[in-house]
Structures are given as C-alpha cells and as structure tokens.
Amino acid sequence: MAAARGEFSSRFGFLMAASGSAVGLGNIWGFPTNAASNGGAAFLFIYLFLAFTLAYPALMAELIIGRHTRSNAVGALRKLAPTPRVAKLGSVVGFAGILTVTLILSFYSIVSGWMLAWLLNSLASIFGLDAVSSWLTTDAESRNAIFSVVFMALTVIVIRAGVRDGIEKWASRLMPALIVILVLLIGYVLTLEGAMDGLRAYLVPDFSIAMQPGLIISALGQAFFSLSLGVGTMLIYGSYLSSKENLPVVGSLVALLDTGIAFLAGLLILPAMYVALANGVEIFSADGALVAGPGLIVAVLPALFDTMGSAGVFVALAFFVLMTIASLTSSISMLEVPVAYVVETYDAERGKATLMLGAGIALICLLIVYNFSTLFDLVVTITTEYSQPLLGLFFTVFVGWVWKRNGVLEELKKGYAGAEHSLFWKIWPLYIRFVCPIAIAAVYIQLVFF
Ligand code: TRP
C-alpha cells in the first residue's frame, strides 16, 4: 500500500479545488462565444437547464463514487462491480477516462501556453520591450512548443506537492483572485462605449436561433466540459473529500460557482467585443457570425486593448492573468487523474510519477504543436465531443444500475443524516437511472449519426 491518501482539509479547500477544475477556458472563452452565436440569453437558459438537470446529477455520480471508493477512476469502478465481468468493464471505462483526460490536458496546455505568452507580452509592453513582444505574440511553432511545456511544468509543480500542499493551497489562493479580477474587469469594461450593445447581444434572447437542433448538443457538450465530467476528474476530487461533508450541497455549490462564473464571463466578453466594435475592430467573421475560436482571444481582444490607450496594457495584463489562473486550476485537476492512478496502482512515488507523466504529456503537446493542422481539431473533437459524454454516460450507469441503491444511500448519509427523506433522494436516483443515460444517449446518437 502506498502512503496514506490525501484529503482536502476543509470544505472551502474542496470548493476552491473543484470549482477551480470546473472554471477554465471553457467558461471564460467557450461559454460566452457559444452564447453569443446561439441566440444569447436563449442559449443561457438552455445551458442552465441542462447544467442543473443533466450535468449536476452526473457530477454527483462522480463525486459519490469517488468518496465511497476512495480510489482513482479505474480502482473505483472496479470496486463497485459485483462480478469480474463488470469489473473488467469498469477498468475499461476508467482507463478510457484517464486516456481521454490525458489528451484533453495536452491540447489544453497548448492553448494555456498561448495565454501565458500573452500574459508575458503585457509585461514586455509595460517595460517597452518591443522585440520580445513581437516574438511572444507571433503564432510560431517554437513559441507554442516552449509555452505549452512551460505550462505543463507549472502544472507538474503544483501536482507534485500533493492534495493539500499543492491542489488545495493553490486553488484557495488563485480562485478568489480570479473572481476579484473578473469582477473588476467587468466593472471597467461596462463603463466603455459600446458595452451596452454587447449586453444586449448577450442578454436579449433570440429563440429562433436557439431552437436549432445542433444547439442542445453544443449546450450539453459545453456543460459536460465545463463541469469536467466523464473522465474521472471530479471522481478523484470526490475521493479526497471528507466523509463529514454533505455531498448534494457541496456538489450544488460547485455547479453554482461554475455556472455563475460562466455567466459573469459573458458579462465581460460580449461587452468587450462590442466595445472593440465601437473602436473600429472587426468582430464579425466573413459569414456574419461573431468571431469565436482563437481569433477572439488572440486577435479581437488584443486589438481592443490596443485602442484603450495607456490603460490598455494593464487591462490586458489583468485579462491574461485571469485566463492563466483559470487554465492552471483546471490543468492540475486533469493531471491528478493519471497521477493518482499510477501512484495507487503501481505503488509509485508521487513526485516521480508526476514528473514522468508530465514529461509524457509534454511530448504529446509537442507532437500536436508540430502537426497542428492535422491533430489539434481532431484531438479536441474526439475527446470532448465523442469520448467525454459517452464516458459520462457510463459513470451514471455505474451509479444507477451497477451499484446497489442502498450502498449509494449509505454513502450519502455519512455527511447528510436526513438524506433518505430529502427531495434530492426522491429525484436524483431517477435521474441517474433513466433521465441522464437516455438524454445523453439521445444527444450522442444525434451527434454520431446525423
Ligand atoms: N472544466 C474546465 C474548463 O471549463 C476544463 C477541465 C478541467 C476539463 N478538467 C477537465 C474538461 C476534465 C474535461 C474533462 O475549461
């Protein structure tokens, strides 16, 4: 047996870690642009609805499996299995999750590396280092290779230090900072000319766009990505949560923080885009849609910061610090998944395991950086659109159908004596058995076959 497993020291520590995992590029970048190009507040409503009816129950499934089994993804699903056959299926699902999150981390590190480069660029501009600036902001393979590796190194440093001294300590420092920076940026941007048009684009619902069939798929995909579901991330954080905690409550706080920060990010990004428009920056692409993708973060917003005069570099600095924090608190949660597996399965030393896995993932990053046009979109699509929801479905099936109902209730009762007679217990088991699997499967079939 390896050294004793880690445990978060407090509810606050867990909340910061889990919401740090959930809040990432998906919230600050993905959500606002998804909303803007899909009917504004209409998308927001559909997103919130799916987040609380499908993603929250799935989040609860992972947290509860993790806390009950106190194990990594593979070990956890094996422990729940009543027969060797089901245990084998559990291993396959757990392992597929570990593989998926490893690949997600490799593309995530590349994008986070861009954020880091742009952050340093703001510092370089403040000090008038023009040559450095232009190197940092030119999209070259060498720059991307260097910064994705630097970002992985940061992730490794935090994860090496363990659950309390790494994950919890850094999440508890960085997440409050993230919220403060976000709120300050919103306050500033909303005072600028054009911001109100952005608010309108974001908050006035256009149901005609929102009713298009592909929309539910993107909203559900967005919700699953945002809550870090399906790959064992929340499972492993749940496995470090004290048995005294009331799971439905902490789970709903994580979901609320995640959706709340996504909503706030929309109050920043959309107004910022329309301020850019008012300042003469092009924010629509050739087909009339709002610029989304990388063009938004590394072209539209920097162009906006340039029009802001001397305040611009400081706003840019704050913005890219925000993006880097959001990325780092997410990437550490991804790396913890394979690390916990290797440490617990091979009795490996944590520091060594983290370093080796980090190096391996950095190599995958480099492979993607140097074959960007063939690999990047492919890896993003396979992992986030195909693998993640399917694995999420298996997690709900394990809780709903494989694990005995009484076992689930016993686990809940540990931190919530009245669980049996709660509203949660009246509704959630039905969701986990029927609603979630059927809804995810329906969306999935539509994605794969239509
Ligand atoms: N949820 C994070 C975001 O919104 C990213 C993330 C962290 C993630 N862990 C994950 C995504 C596991 C998928 C799976 O950016």
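In the predicted model, helix H5 (residues 84-126) packs against helix H15 (residues 311-346) at an angle of about 155°, and the two axes lie 8 Å apart. Angles over 145 degrees count as roughly antiparallel, and H5 and H15 are therefore roughly antiparallel to each other. The crossing in which H5 passes H15 is left-handed. Sorted by class, the residues in the contact of H5 with H15 comprise 25 nonpolar and eight polar ones, with no charged residues.

The largest nonpolar core contains 158 residues, of which Phe 14, Tyr 237 and Phe 319 touch the most other members. Helix H15 supplies the largest share of this core, with 19 residues. When neighbours within four places in sequence are left aside, the contacts of Phe 14 are Phe 8, Leu 63, Tyr 237, Gly 238, Leu 241, Val 250 and Val 254.

Arg 70, although not a glycine, has a positive phi of about 45°. This residue is located in the loop between helix H3 (41-69) and helix H4 (73-80). Its relative accessibility is 23%, so Arg 70 counts as partly exposed. Ser 228, likewise not a glycine, has a positive phi of about 55°. The loop that holds Ser 228 runs between helix H11 (214-226) and helix H12 (233-239). Buried residues are those under 20% relative accessible area; Ser 228, at 11% relative accessibility, therefore counts as buried.

Conventions
Residues numbered from 1 in each chain as written. Predicted model: local features only at pLDDT ≥ 70, side-chain atom pairs only at ≥ 80, totals over all residues. Heavy atoms only, no water. Axes fitted to C-alpha atoms, helices over the stretch in contact; angles between N-to-C directions. Helix = DSSP H or I, 4+ residues; strand = E, 2+ residues; numbered from the N terminus. Parallel < 35°, antiparallel > 145°, perpendicular 65-115°, else oblique. Left-handed = near helix turned anticlockwise from the far one by under 90°. Nonpolar A, V, L, I, M, F, W, Y, C, P; charged D, E, K, R; others polar. Core = buried A, V, L, I, M, F, W, Y, C linked by side-chain atoms within 4.5 Å. Buried < 20%, exposed > 50% of the residue type's maximum accessible area, 1.4 Å probe, protein only. Contact = heavy atoms within 4.5 Å.
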